[in-house]
Amino acid sequence: MRFVFTSAVKDLRRIRRDPVMLLTWLGIPTLIALLLVVIFGRGDARPNGKLLIVDEDQGIGATLLAGAFSQGALSNMISIEKVDREEGRRRINKGNASALLVIPKNFTTALLEGKPAKLQLIRNPAQRILPDIIEQVLSMLTDSAFYLQMVAGPQLREAAQGTPTDAGIAQISVQFNHAIADLRKYLAPPVIQLETKVIEGKTDKPGGFAALMLPGMLYMAVFFIAGGLATDVWRERTSGALRRVVTTPASFGAFLGGKLLAVLLVLALVGAFGLAVAHFLADLRVSNFPLAVLWIAISGTGLYLFMMLLQSLASTERVANMLSNFVLLPLTMLGGSFFPFDLMPKGFAQIGRLTPNGWSVTELQKILDGAAVSPVAFAAVILFVAAAWLVVGWRVRRTAC
Amino acid sequence: MIEVEQLRKQYGDITAVKDVTFTAQPGEIFGLLGPNGAGKTTTIGCISSLLTPTAGHIRVMGHDVVRDGVAARRSIGVVPQEIALYDDLSARENLGYWGGAQGLRGALLRDRITEVLELTGLLDRAKEPIKRFSGGMKRRLNFACGIVHQPKVLLLDEPTVGVDPQSRVRLLELVRDQAHAGACVLYTTHYMEEAQTLCDRLAIIDHGSIIAQGTLAELRSLLAERDLLRLTGVFRPDAVREALSHLEGVEIIQSDETQLALSVSDASHRLPSLFAAINTAGEVRGTTLTQPSLESLFIKLTGKELRE
Ligand SMILES: Nc1ncnc2c1ncn2[C@@H]1O[C@H](COP(=O)(O)OP(=O)(O)OP(=O)(O)O)[C@@H](O)[C@H]1O
Ligand SMILES: [Mg+2]
């Protein structure tokens, strides 16, 4: 219907006339993201990663390897537990740890004598960032272990004789870390191989901490914009524009349809922009750009209607705003926008994934990771949009008069 | 044409409009005159299908507004009491939007927009956001948005409130032009003079009921060519009643300790005998004599003034 487009153009024009509003909506989550990254960098946030180590070597090499994880910022993120092979297997399969590292027999000997050895790392596919960090640290260690042997060989051999003291190990660990920093420049084919496995053969993804945060942040922006646009109807109500619409032959459904179209386009733009920035600046992997943008736009429109539904319960604009803020903040926090699900306590993450925005983020993550289109998810959102359109249209038309 | 039959609108216990019946013809300006809260906006709301009547029937150009709402709304143009516009859009964009809502499009819409902008004197400010407009300019645009699609039935809800005298004259001319072009205009106001000078026929409404309706001449005749004499001072109501009961052609409209309103035929010639009679029942300090008008009719019908 023609009036849908007329209405959409009207709303887009109004949004364009108020760019400050749009920038604010985009700015708030960006600011929070920056803030979180700064805080996280200082080590105040403590994600609970667990690295299980099966130590079949029982030598100084294994101790040093484990020691590398208990230093500095890493020790805040990852705790280590030594287990036997069977228990380790069992626990990683149940998803009770970030990763399982198997240090083979004679690893120390190989390390000291520069012989080939193979470390095995089994990642928990349900988590992203912590296994990433563990793997990166390990590959750094194995890259440089060969050179370490040349640089620190004497101390190492000395330490390998007899039982080393705690202080001795700490000292060596520090040297170990310095050596790593120095030796990163001289990369060579590794003598010690790191073999990584993800159970059930899940693909890995690039990108670090920022890439992990960004989808959630993007949805915070989307949710804020959706909530802000939803309150806009109150302005139309107060001015009497809604009542005027009712007195024209145009249908109220078309009027609301125009709004949905405008919201869809704005969110598509925000999504495309956000994903592009995340991709180029933070190395976020975007497997299917158009599909991801479409998902953000459609699910965001669903969030818009969700906020409209909520606000239609209110009797005044003030109450609607309060209600909206009351719901927006906890939902964004719980929905993986402040803290990615991977870093959340398990119970919270489970609840968070069930929130409308949390669910949308999870689905977006799947699309970003290259999963095929989920017709069920799309159908669910479209069904919700259609149903909410009817209910909101009815409610808003009624309260307009 | 608007036909309203036994219209009733109830909000819980409040009856905003009760048993209102009137017919407004094409080419005619029909006035709905009444004080605040009389039920004018409610009546217009029911005609424009913003509100659902509790009882009664309304037909616009022959279409029942409840059963055949879309068809009825096609011939209606509304100028609401509030300024129902988009503040961040320009005058042209506002007109484009509301014209589009009425089904206009393309070149026809563009031409009409320019036409009404010219009529309302807003052409040179057509492109800026209307939040920079003065209140009066917004009123004029509010009006323009109601007539952009050349409606056969025009509903105007106090369109001149807050407009300066010059703009008001201009606006009233525009309303007349609409009627001359054949539109059926329903005009609500609480300005006596406006109703008197503008409307061909009118209904006086108070507390939701029509208390009188007809042409201006017909309504005046209800006063039986009597003048309205208002006196202030100190009175004893019972004694006043007694003193005046001997005089022919004098009717007490309102009487209390400080005020007295009388409907008197040929008052100017009878003032001496009137004062003589009243002075026996109190003391007169001030006098106003009014020729028959809507105001005196309103006071006669309701016992109170239209404007407080
Ligand atoms: N939504 C509502 N709920 C309850 N009462 C209402 C509602 N709308 C109007 N009323 C009541 O109905 C009566 C008529 O109101 P209406 O707005 O029609 O008056 P009006 O003649 O337009 O007055 P004004 O000159 O002030 O615009 C008033 O007593 C008002 O309080
Ligand atoms: Mg009113």
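Q: Quick one to start: what relative accessibility does Met61(B) have?
A: Met61(B) has 32% relative accessibility and therefore counts as partly exposed. Here buried means under 20% relative accessible area, exposed means over 50%, and partly exposed is in between, using a 1.4 Å probe and protein chains only.

Q: Before I go on, what conventions apply to this model?
A: It is a predicted model, where local features need pLDDT of at least 70, side-chain atom pairs count only at pLDDT 80 or more, and totals for chains, interfaces and linings use all residues; side-chain values use heavy atoms, with hydrogens and water left out. Residues are numbered from 1 along each chain as its sequence is written, while chains are lettered from A and ligands numbered from 1 in the order in which they are written.

Q: Okay, back to Met61(B): where does it sit?
A: Met61(B) is in the loop between S4 and strand S5 (63–64) of chain B. Helices (H or I, at least four residues) and strands (E, at least two) are DSSP runs numbered from the N terminus. The phi of Met61(B) is positive, about 50°, although the residue is not a glycine.

Q: Switching to ligand 1: which residues come nearest?
A: Of the 13 residues around ligand 1, Gly37(B), Lys40(B), Thr41(B), Thr42(B) and Gln81(B) come nearest. A residue is near a molecule or strand if one of its heavy atoms lies within 4 Å of it.

Q: Which element gives the most to that shell?
A: H1(B) does, with three residues. Strand S2 (14–24) and helix H1 (40–47) of chain B each supply at least two.

Q: How does the shell divide by residue type?
A: There are five nonpolar, six polar and two charged residues around ligand 1. Ala, Val, Leu, Ile, Met, Phe, Trp, Tyr, Cys and Pro count as nonpolar, Asp, Glu, Lys and Arg as charged, and the others, Gly among them, as polar.

Q: What about distances, say for the side chain of Lys40(B)?
A: An N or O atom in the side chain of Lys40(B) is 2.8 Å from an oxygen atom of ligand 1. From the backbone, an N or O atom of Gly39(B) lies 2.9 Å from a ligand 1 oxygen, and a polar atom of Ala38(B) is 3.1 Å from one. For reference, a polar contact is a pair of N or O atoms within 3.5 Å; within protein, one must be able to donate a hydrogen and the other to accept it, and residues adjacent in sequence count only if both atoms are side-chain atoms.

Q: How much of ligand 1 does the protein bury?
A: The protein buries 63% of the 640 Å² that ligand 1 exposes when taken alone. Accessible areas come from the Shrake-Rupley method with a 1.4 Å probe; for residues, only the protein chains shown count as cover.

Q: How many residues of H1(B) are buried?
A: Seven of the eight, so H1(B) is largely enclosed by the rest of the structure. Lys40(B) and Thr42(B) are among them.

Q: What sits over the ring of Trp98(B)?
A: The charged end of Arg244(A), 5.5 Å from the ring centre. That label needs NZ of Lys or CZ of Arg within 6 Å of the ring centre and within 35 degrees of the ring normal. Likewise, the charged end of Arg168(B) sits over the ring of Tyr191(B), 4.3 Å from its centre.
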